[in-house]
Amino acid sequence: MQDFPWKNHSSVSEFILLGFSKNPQTNIALFSVFLFLYLSTIVGNGLIGTLIYLDSRLHTPMYFFLSVLSMVDMSYVTTTVPQMLVHLVCQKKTISYVGCVAQMCTFLVLGITEGWLFSVMAYDRYVAICYPLRYKVIMSPWLCVALVAFCGLWGVSCSLVYTVFTMRLPYCGPNEINHFFCEVPAVLKLACADTSLNDRVDFILGFILLLVPLSFILASYIRIFATILRIRSAQGRLKAFSTCASHITVVTMFCGPAMFMYMNPGANASPERDKKLALFYNVISAFLNPIIYSLRNKDVKRAFFKVTGLGKTPE
């Protein structure tokens, strides 16, 4: 089997993921909590994707992007949580060098894709509210697919840069990663070389991958709120704002912790804080997304009652 070209510089063949605690009772409690969160995330996001596929009234650009977000979220948590659950109940908490590289790269692809998908969803809301009569013309199926493809390709490209710059460094030991998965800042702390260049690259990429899409989102919502304030009907203003409130909440939960993680110099990083931040934008955010998008969404509720045949379809 051919090794990665940068592996020649490392004597480490596997890493140990320290996780959250060495106390067996604490780990059992954490296992129960994270298993519930993981299963709820898969069921919730899977249900939203299924409802959007089955109900023709949800075949709109907004719900197309929401279905893509649901698929990304399911993949995102599956990259880290199943392994974390195994490590919580098993004595062996190792991951191979190649497995660590694969997990890091996959996690970054999905995370970066999701961050830019949020900016695409903000643009969709901008067009829907500011140009309602031209919405279907502007947000054509071709453009929607092209925007999602751009997010995915951008995620792949940037994740490769992150991964190569991280794993090109020599790792001579120790091999204990103070984290629950192979995330860039945690792995860099084990490098047997100067990581100042990596810190600069991480900051620059963090700026491009987080602040740039956040700027697009902010610009979209400034225009959106300006348009909403010109709506004479109070009910119309409330309806327009409610379509944006869910998106703003989700973006804040995901991008805020990620900015602290990837735009903070490595020397100032705290392992315990980093684990909590990673939990928030990886696990908690994906768990809450279907709840936030469905609780106040009459279209999703209507589709649920229609597909399942339970209760009365809400008007």
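At what angle do helix H1 and H10 pack, and how far apart are their axes? Select H1 (residues 24-54) and H10: they pack at an angle of about 80°, with axes 10 Å apart. Axes here are lines fitted to C-alpha atoms, for helices over the stretch in contact, and angles run from 0 to 180 degrees between N-to-C directions. H1 and H10 are therefore roughly perpendicular to each other (under 35 degrees is roughly parallel, over 145 roughly antiparallel, 65 to 115 roughly perpendicular and the rest oblique). Now show the side chains that make the contact: Leu 47, Leu 51 and Leu 54 from H1, and Val 300, Ala 303, Phe 304 and Val 307 from H10. Contact means heavy atoms within 4.5 Å.

Before moving on, a word on what you're looking at. This is a predicted model, where local features need pLDDT of at least 70 and side-chain atom pairs count only at pLDDT 80 or more, while totals for chains, interfaces and linings use all residues. Residues are numbered from 1 along each chain as its sequence is written, and side-chain values use heavy atoms, with hydrogens and water left out. Helices (H or I, at least four residues) and strands (E, at least two) are DSSP runs, numbered from the N terminus.

Stay on H10, which covers residues 298-308, and pick Val 300, Arg 302 and Ala 303: they are buried. They cover an arc of only 160° around the axis, which puts them on the same side of H10; the arc is that of the directions from the helix axis to the C-beta atoms. Buried means under 20% relative accessible area, exposed over 50%, partly exposed in between (1.4 Å probe, protein chains only). Just past the end of H10, check Gly 309, with its positive phi of about 75°.

Next, the sheet. Select E1, E2 and E3: these 3 strands form an open, mixed sheet in the order E2-E1-E3. E2 (94-96) and E3 (176-177) are the edge strands, each pairing on one side only. Two strands pair if DSSP finds at least two bridges between them; E1 (residues 14-17) and E2 have 3, in the antiparallel sense.

Gln 83 counts as buried at 19% relative accessibility.

Slide along H2 (residues 61-89) to Leu 88, buried at 9% relative accessibility. Beyond its neighbours within four places in sequence, Leu 88 is in contact with Asn 27, Leu 30, Phe 31, Phe 34 and Lys 93.

Last stop: the cysteines. The structure holds 1 disulfide, meaning a pair of cysteine sulfur atoms within 2.5 Å. Select Cys 100 and Cys 182, whose sulfur atoms are 2.2 Å apart. Cys 100 sits in H3 and Cys 182 in the loop between E3 and helix H6 (184-188), 82 residues apart. The S-S torsion is about -125°, so the disulfide is left-handed. Both cysteines are buried. Finish at Cys 105, which is in no disulfide: the nearest cysteine sulfur, that of Cys 158, is 11 Å away.
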